[in-house]
Amino acid sequence: MEQIQNLINGRWVAAADGKTFEIRNPADRREILGHAPDSSAADVDAAVRAARAAYPAWAATPAPKRGEILYRAAELLVRHKTRLGIQVAREMGKVMPEALGDVQEAIDMTYYMAGEGRRLFGETVPSELPNKDAKSIRVPIGVFGLITPWNFPIAIPSWKITPALIAGNTVVLKPAEETPACAAQFVALFQEAGLPPGVVNLVCGFGAQVGEPLACHPEVDAVSFTGSHAVGARLAVLAAERHKPFMMETGGKNPIIVMDDANLDLAVSGALWGGFGTSGQRCTAASRLIVHEGIYDRFLARLIDGARRLKLGNGLDPASDVGPVVSAEQYQKVLDYIEIGRREGATLVYGGEAYREGTCAEGYFIQPTIFTDVQPSMRIAQEEIFGPVVCVLKTGSLSEAIRMANDSAFGLSAAIYTQNVNAAAIAERDLDAGLVYINASTIGAEVQMPFGGTRLTGLGPREAGGRGGALDLYTKWKVIYRDFSGKLQKAQIAS
Ligand code: ADP
């Protein structure tokens, strides 16, 4: 059984008051996987002090050298990919191909950000005066508080840690209480890659006891959060009151539009994979299927048939297609939403029950669930369920489908299946989401592109790479004017 510890100033330590909490296997709640520190504000304070002390030397380390350490970390992630994948499957419940995908995402991100160490481009522009130049450079911000969820327990910490580090910041990571062992194993590889003590710190524990003191700590300069909208909105206020740069990535209610000319095989597999992959626990999960009436009956029959074929089981079993949901809390929340859908008058055409067959008897398994006759105003069509539940809505036209797709408080990902180039172009233009997929499901973002959404989905710069991506959060701009005329230039006086 694993005994997880915090990482503070390069040392693995217990919580200051010695308290721990249990980590349980969601595929079999009787199994205790280990214990993690149930930390408090005192641990946060120690970690933040370590990050603060490590900051000047790390910020002064040339970015290509920082990149070399990240590159070594990426190589260690490659070497330990299977071990980390198994940890993800055990602690969070995903099936192994998805768990390995979670780790691969972190590998990709770490290599990508390592390369940024030799870019981190600024700008030079002509000055309006002779013998003067003007340039802008990216500089680090300081100590970052990073708060992450459980659904991508390796990938999401990598999305935050690697851009923070390459830019010269130091960090304190507070991982989700459901997945502290994944976070500890991930961070340990960064230590092994040669990070100086205090550059990355890890404090395990719960949101109110660790996350909030971290976000509010006066020595934390900026905060990056991924999780529920309610917590993100609260942290946004706390950060604003303290004048801290803040970024949040929260919910989605992602639609797939299926037009009557769609390739049916592709559309059905995209809907199944997007809706039920990771048991629907992705922020990009396809939870609303907006299907043209001309193809509706055929699509629905194939969707139900596909859902019936999905095998629920322990993520470590190669025969499993869909694992459990992550915790008792999520289990109850998803079952409650299924009940809400029934009461709202939607028709349950498949699933809708907890699944307790055979080896699944003691896990948090829920059948893939499909509702039809869903009206856009229903709660199940508007609120993020974060479980294996999809809503099917019927449409008569592309313009109505796009209106329905955009009728959401969230705007993370949206997809359309069509063979019509004009319909694809219109959807690409009019779908109001951070990510738009044409003839592909709502999932599958790549690290070299910015990741994030519109409306309540996000606030602040996007994550990952590319223009408008994570470096805009983890750096600030400094503009430098250099005058080598040797005299007071008149035009300067005017401004
Ligand atoms: P989820 O519903 O996906 O678990 P949460 O927003 O509750 O989403 O959790 C995401 C992360 O935010 C976790 O690391 C969690 O511990 C943390 N968290 C929860 N509540 C707070 C809070 N009040 N302040 C800071 N962090 C919190």
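Q: What is a pocket, and how much space lies in the largest pocket?
A: Work on a 1 Å grid over the protein atoms alone; a pocket is an open set of points with protein on both sides within 12 Å along at least five of seven lines. Grid points are joined across faces, edges and corners, and a volume is the space filled by probe spheres set on the points. Here the largest pocket holds about 840 Å³. This is a predicted model: local features need pLDDT of at least 70, side-chain atom pairs count only at pLDDT 80 or more, and totals for chains, interfaces and linings use all residues. Residues are numbered from 1 along each chain as its sequence is written, and side-chain values use heavy atoms, with hydrogens and water left out.

Q: Which residues line the largest pocket?
A: A lining residue has an atom within 4 Å of a point. The largest pocket has 35 of them, and W150, F225, G227, S228 and V231 lie nearest its centre. Two or more lining residues come from each of α7, β11, α8 and α11 (328–344). The top contributor is α8, with five. Helices (H or I, at least four residues) and strands (E, at least two) are DSSP runs, numbered from the N terminus.

Q: How do the residues of that lining divide by class?
A: Ala, Val, Leu, Ile, Met, Phe, Trp, Tyr, Cys and Pro count as nonpolar; Asp, Glu, Lys and Arg count as charged; the others, Gly among them, are polar. The lining of the largest pocket has 13 nonpolar, twelve polar and ten charged residues.

Q: Where does the ligand sit?
A: A molecule sits in a pocket if more than half of its atoms lie within 2 Å of the grid points. The ligand takes the space of the largest pocket.

Q: How many residues surround the ligand?
A: Count a residue as near if one of its heavy atoms lies within 4 Å of the molecule. That gives 16 residues, with T148, K174, E177, E212 and S228 the closest. At least two each come from α7 (207–216), β11 (222–226) and α8 (229–241). In this shell α7 gives the most, three residues. The shell's classes are seven nonpolar, six polar and three charged.

Q: What is a cavity, and how many does the structure hold?
A: In a cavity a 1.4 Å probe fits but cannot get out. The structure holds three of 30 Å³ or more. About 100 Å³ lies in the largest cavity. Its lining has 15 residues, with G280, A285, S287, I385 and F386 nearest the centre.
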